[in-house]
Amino acid sequence: MDEFDLLVIGSGSGLDVANVAANHGQSVAVVEKGPLGGTCLNRGCIPSKLLLYHADVLETIERADEFHIDATVDDIAFAEIVREVTEEVEADAESIRRGLQSSSAHELFEGEGRFVDERTVEISGGEDDGTRLRADTVLIAAGTRPSVPDIDGLEETDYLTSTEALQLESQPDHLVIVGGGYIAAELGHFFGTFGTDVTIIGRRPNLLPEADEAVATAFTDRYADRFTVHTGHAATAVSETDGTVTVEARPYEYGPDSGILEDKDPVTVSGDELLIAAGRVPNTDTLNLEATGVKTDARGFIETDEYLQTTADDVWALGDIAGEYLLKHSANHEARAAAQNIFGDDLQPVDYSAMPFAVFASPEVAGVGALEQDLRAAGREYATNTYRYENTARGDAMHAEGFVKVLIDLEGEILGCHIIGPEASSLVQEVVVAMKAGSGTVQDIRDAVHIHPALPEVVQRAFSGGFTRGDDGDHHHG
Ligand SMILES: Cc1cc2nc3c(=O)[nH]c(=O)nc-3n(C[C@H](O)[C@H](O)[C@H](O)COP(=O)(O)OP(=O)(O)OC[C@H]3O[C@@H](n4cnc5c(N)ncnc54)[C@H](O)[C@@H]3O)c2cc1C
């Protein structure tokens with residue numbers, strides 16, 4: 001049996017902890033069943049954002065006539081775009097692999113890891129098949145995979161998940177997307193901009209249901225202009241004949257009595273490709289956790305305490321599989337905290353405050369902090385203000401549409417900020433800094449000098465007064 005100081009399952013953000021251990025002079029085993037670098041690098045953030053930037057360039061050219069510039073697109077080498085992106089991430093994964101193989105501190109085991117007991121993992125598949133590894137400390141960072149919902153006929157139908165969609169070299173004529181979250185929104189934008197007809201079926205009343213309701217509503221309206229959107233519908237049956245996929249979707253009520261409204265008529269849509277973008281499930285079922293004391297919650301995510309310790313001694317977990325925020329910057333943040341807690345002298349809880357998110361669709365969306373619907377549901381006192389891009393000089397120059405919405409408490413503390421419009425993912429960052437490193441009040445943003453006329457003025461204006469009580473209280477000027 002091979003013995004190590006640390007054993008890490010999963011080479012996404014888990015690798016950051018492995019590298020800290022190696023720098024501390026520890027021996028580290030890394031177990032990975034897929035390409036090195038995890039979901040973000042190989043089938044998530046990186047390929048999606050590389051592809052989406054091509055769509056953004058095309059969209060800019062297509063809007064040129066608004067600026068009295070006559071531009072035409074002669075040719076789009078779609079397959080070439082996708083191939084180049086695939087090659088770029090494959091090269092990055094390979095370079096991580098070579099780095100690990102040439103390191104004297106790390107040992108890489110390429111195969112699926114399954115627990116034999118709390119500190120022992122057996123490799124299945126690959127050259128190391130059957131090898132057993134034992135370590136003093138184990139870190140589970142095995143991520144998630146696409147969730148495949150139970151839809152009649154789906155098993156007999158060819159469908160894509162995000163993994164395959166990101167590598168699809170032939171552009172669909174008509175893509176049907178089941179799911180209304182950020183992956184559906186981003187991939188809809190990518191294929192749609194390149195000319196694919198896109199139909200989106202989402203169960204919730206709005207697309208991007210995890211966003212603030214004002215942003216989600218505005219986003220859904222914009223997508224309904226661009227694409228065929230059936231929100232409030234659940235896909236119930238799928239069939240395929242001669243390369244045509246047909247999806248039946250039934251009206252769906254979301255809420256305490258969630259369910260299909262049987263008395264309402266279904267809609268039927270068809271396309272030549274079907275993308276299932278219905279969320280993610282944790283890879284805990286691949287790990288034989290039954291052999292350990294590691295507990296999972298009802299959805300299969302690993303239970304951890306505020307330090308990222310699991311319910312088994314010296315077994316830690318982080319990232320998607322711990323189920324806090326399924327985002328790469330959250331996994332990386334947890335990796336820093338886990339490394340400190342595993343190798344440091346005292347335990348520090350992970351600070352999840354001001355965790356932002358972004359959706360790189362068109363329009364772009366980003367947000368941080370509380371959502372208005374949650375404040376209302378919690379009966380909180382709050383005030384809100386919204387400022388539109390069009391009313392700033394730079395927004396006007398860009399013909400930008402969208403808004404920044406701010407939520408504060410009655411003392412002026414920032415509770416949340418939600419943005420829809422160009423560069424939302426960059427604009428939200430100053431709010432994150434104010435919430436995390438500043439006083440956390442509107443003054444941080446209002447009183448800082450903002451470059452004129454640059455886009456962040458829309459953020460500053462949104463924070464600069466005109467606040468209205470959002471609950472049923474009186475007017476308040478923050
Ligand atoms: C299409 C898409 C777009 C995304 N875009 C963004 C974005 O723009 N921004 C953002 O913040 N996040 C984005 N994400 C989410 C992001 O990819 C994840 O939050 C992040 O990768 C989680 O990192 P992780 O280290 O927890 O897990 P992962 O990166 O999933 O790494 C887990 C690794 O464990 C391996 N593994 C699993 N089980 C075993 C086993 N039993 N034995 C051995 N190895 C195993 C897997 O092969 C995988 O490589 C996106 C995800 C998708 C799917």
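**Cavity, pocket and strands, with reasons**

Me: How many cavities of 30 Å³ or more does the count come to?
Reply: In this predicted model, the count comes to one cavity of 30 Å³ or more.

Me: What makes the largest cavity pass that cut-off of 30 Å³?
Reply: Its volume does. The largest cavity has about 40 Å³, and the count takes cavities of 30 Å³ or more.

Me: Why is it called a cavity and not a pocket?
Reply: The word cavity is used because a 1.4 Å probe fits at its points but cannot get out, whereas a pocket is an open set of points.

Me: Which residues line the largest cavity, and what makes them lining residues?
Reply: The lining is made of Asn42, Arg43, Pro47, Val85, Thr86, Val89, Thr163, Leu166 and Gln167. They count as lining because a lining residue has an atom within 4 Å of a point. By class, four of these residues are nonpolar, four are polar and one is charged. Arg is among the residue types that count as charged, and Arg43 is in the lining.

Me: Which helices supply at least two residues each to this lining?
Reply: α2 (38-43) and α4 (78-102) do. The largest share, three residues, comes from α4.

Me: Now the second largest pocket, please: what is its volume, and which residues are the closest to its centre?
Reply: The volume is about 1,000 Å³. Of the 29 lining residues, Glu59, Arg63, Ser362, Pro363 and Pro422 are the closest to the centre. Two elements give two or more residues to this lining, α3 (45-62) and α7 (213-226), and α3 has the largest share with six. By class, the lining has 13 nonpolar, six polar and ten charged residues.

Me: On to strands: what makes β20 and β21 a pair?
Reply: Strand β20 (residues 383-388) and strand β21 (residues 403-408) are joined by six bridges and run antiparallel. They count as a pair because the rule asks for at least two bridges. In β21, Val404 is the bridge partner of Tyr387.

Me: And how do you know whether β20 pairs with β23?
Reply: Two bridges join β20 to strand β23 (residues 468-469), antiparallel. The cut-off is at least two, so the two strands pair. Thr468 in β23 is the bridge partner of Thr384.

Me: In the sheet β10-β9-β8-β15, what makes a strand an edge strand?
Reply: This open sheet has four strands with parallel pairing. Its edge strands are β10 (228-230) and β15 (273-276), each pairing on one side only. Neighbouring strands are turned by 15° against each other on average, direction ignored. Within the sheet, five bridges join β8 (residues 174-178) to β9 (residues 197-201), and Ile201 in β9 is the bridge partner of Val178.

Methods
Residues numbered from 1 in each chain as written. Predicted model: local features only at pLDDT ≥ 70, side-chain atom pairs only at ≥ 80, totals over all residues. Heavy atoms only, no water. 1 Å grid on protein atoms, 1.4 Å probe; cavity = no way out; pocket = protein on both sides within 12 Å on 5 of 7 lines; lining within 4 Å. Points joined across faces, edges and corners; volume = space filled by probe spheres on them. Axes fitted to C-alpha atoms, helices over the stretch in contact; angles between N-to-C directions.
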